Amino acid sequence: MKKQNLVIVGGGSTYTIGMIMSLIAEKKNFPLNSITFYDNDEKRQEKVAKATSIILDEYYPELESFHYTTDKETAFTGIDIAFIQIRTGGLQMRELDEQIPLKYGVVGQETCGPGGMAYGLRSIRDMIELVYDIKKYSKDAWILNYTNPAAVVAEALKREFPQDPKLLNICDMPIAIMHSFATMLNKNIWDLVPSYFGLNHFGWFTKIEDSEGNDLTQIIKDTIMGEGFVPTDQEIANDQSWQQTFEQARKMLIDFPEFLPNTYLQYYLYPDDLAKKESLTNTRARQVINGREKRITELCNQIIQDKSTKNVELHVDIHGVYMVKAAASLVYNLKQTYIVMVENNGIISNIPDDAMVEVPALLTASGPKPFSVGKIPTFYKGLIENQFAYEKLVADAYFENSYTKALQALTLNRTVVHVPTAKAILDDLIEANKGYWPELQ
């Protein structure tokens with residue numbers, strides 16, 4: 001099994017330590033020769049990297065090399081695979097993404113509604129540039145992108161790099177939901193086989209089976225109806241925002257019992273209710289700044305101070321394990337099934353072929369091989385086509401520098417709808433995103 005040379009783009013992320021622990025947990029299945037961090041924020045990355053170096057010394061001594069850099073040529077030369085997890089504008093811009101819509105009574109969220117559009121228009125330029133740079137220095141490298149908002153980013157990358165089998169967009173939300181299913185069923189998550197369709201952050205599980213083919217879907221539905229979703233991650237379990245998210249999932253299943261929903265659908269199905277629950281002074285971004293970011297900073301400081309991990313608790317991240325397992329399936333042609341984003345091309349037979357859908361696929365050395373979904377019911381078709389039109393218009397707005405397309409996108413979005421509100425939010429977002437967005441005409 002050939003050892004891989006990996007670069008993590010966005011090395012200063014608060015998720016990087018979790019990813020490192022996932023790589024350590026999976027090192028027999030995805031052995032590495034080297035790990036490199038790349039980030040354009042030198043100071044932020046340095047702290048995470050220094051802590052990571054100590055972690056690797058203790059838990060991955062056989063790793064031949066670890067280093068970090070802000071130079072793209074150094075980072076991307078001679079790599080086999082890149083994981084991309086960037087946040088253009090940082091948490092400070094995320095907070096504005098959430099606050100500006102809330103001023104107008106509209107959902108403030110990083111991937112859904114106006115906040116998702118703002119984040120997407122900031123991310124596209126950097127993502128395209130990164131893919132070109134990686135291909136420049138390592139043209140055969142695999143690229144796994146899990147940068148949000150993944151739907152908008154995937155739509156833009158599809159246009160810039162059509163039919164590239166080594167560029168894969170993937171999201172960890174389906175596996176997070178399945179982790180809760182596994183807890184409900186008292187089963188190993190990797191023994192569950194999902195049937196799923198939709199767009200990123202906009203989909204439904206139609207069936208959950210175990211590895212022996214037993215249909216467990218109704219058991220999950222009955223459990224949710226009785227107890228609600230059960231968060232399995234301790235950070236989520238102690239987080240009021242996430243608790244409300246899982247409670248809302250029960251409401252969605254009561255109202256629409258046909259399929260098991262992705263939790264992000266709450267923002268589109270109950271936008272007014274969700275907006276009323278949010279606070280201008282304590283948005284999710286502020287909670288992350290005061291919560292996860294602070295904890296990761298303290299954890300890194302402790303490791304660096306002690307030159308050891310003896311006084312900290314380190315956890316393997318299910319999201320990270322999912323990415324690593326998916327990468328291993330691609331690199332070693334394992335043909336394992338994961339939920340990923342691919343161009344539709346008839347997978348869902350009654351929606352546009354050019355939509356970037358999120359479905360189960362075999363991950364092989366020649367790229368993803370998605371399973372057919374077939375025809376979907378009218379309700380879901382209508383929701384998906386509306387959401388896809390929004391995502392397509394956001395990408396149009398970027399590539400065409402079009403104010404009109406951006407306004408059309410927000411008007412279509414189920415969290416907004418009202419044209420004067422869409423226009424007011426758009427104008428505020430343009431002002432806040434000067435230097436990040438293209439100039440919309």
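Let me start with a pair of side chains. E95 and R286 form a salt bridge, with the closest N and O atoms 2.9 Å apart. The pair links distant parts of the chain: E95 sits in helix α4 (residues 90-103) and R286 in helix α13 (residues 284-290), 191 residues apart. By salt bridge I mean a side-chain nitrogen of Lys or Arg within 4 Å of a carboxyl oxygen of Asp or Glu. Helices (H or I, at least four residues) and strands (E, at least two) are DSSP runs, numbered from the N terminus.

A word on the source. This is a predicted model, where local features need pLDDT of at least 70 and side-chain atom pairs count only at pLDDT 80 or more, while totals for chains, interfaces and linings use all residues. Residues are numbered from 1 along each chain as its sequence is written, and side-chain values use heavy atoms, with hydrogens and water left out.

Back to the first pair. E95 is buried, at 12% relative accessible area. R286 is partly exposed, at 24%. The cut-offs: buried is under 20% relative accessible area, exposed is over 50%, and partly exposed is in between (1.4 Å probe, protein chains only).

How many salt bridges does the structure hold? There are 26. Take E155 and R159, which meet at 2.9 Å, N to O. These two are 4 residues apart in helix α6, so about one helical turn separates them. In general, an α-helix has 3.6 residues a turn, so residues three or four places apart point the same way. E155 is buried, with a relative accessible area of 2%. R159 is partly exposed, at 30%. Both belong to a network of salt bridges that links E155, K158, R159, D396, E400 and K405.

One more pair: D210 and K187, with the closest N and O atoms 3.9 Å apart. D210 lies in strand β8 and K187 in the loop between α7 (173-185) and β7, so this bridge ties together parts that are 23 residues apart in sequence. D210 is buried at 8%. K187 is partly exposed at 35%.

Next, helix α15. Of the 14 residues in α15, 14 are buried. At its start, a side-chain oxygen of D317 comes within 2.9 Å of the backbone nitrogen of H319. Just after the helix, N333 has a positive phi of about 55°.

That brings me to backbone geometry. Most residues other than glycine have a negative phi, and most peptide bonds are trans. H201 has a positive phi, near 60°. H201 is in the loop between β7 (192-199) and β8 (202-210), and is buried at 4%. K307 also has a positive phi, near 55°. K307 is in the loop between α14 (292-306) and α15, and is exposed at 68%. Then there is a cis peptide bond, between N148 and P149, with omega about -10°. P149 is in the loop between β5 (142-145) and α6.

A 1 Å grid is laid over the protein atoms alone: a cavity is a set of points where a 1.4 Å probe fits but cannot get out, a pocket is an open set with protein on both sides within 12 Å along at least five of seven lines, and lining residues have an atom within 4 Å of a point. Grid points are joined across faces, edges and corners, and a volume is the space filled by probe spheres set on the points.

The structure holds 2 cavities of 30 Å³ or more. Helix α16 (378-400) gives the largest share, 3 residues.

Last, the second largest pocket, at about 430 Å³. Of its 23 lining residues, the closest to the centre are Q163, D164, V342, E343 and P368. Which element gives the most to this lining? Strand β12, with 4 residues.

Note on methods:
A polar contact is a pair of N or O atoms within 3.5 Å; within protein, one must be able to donate a hydrogen and the other to accept it, and residues adjacent in sequence count only if both atoms are side-chain atoms.
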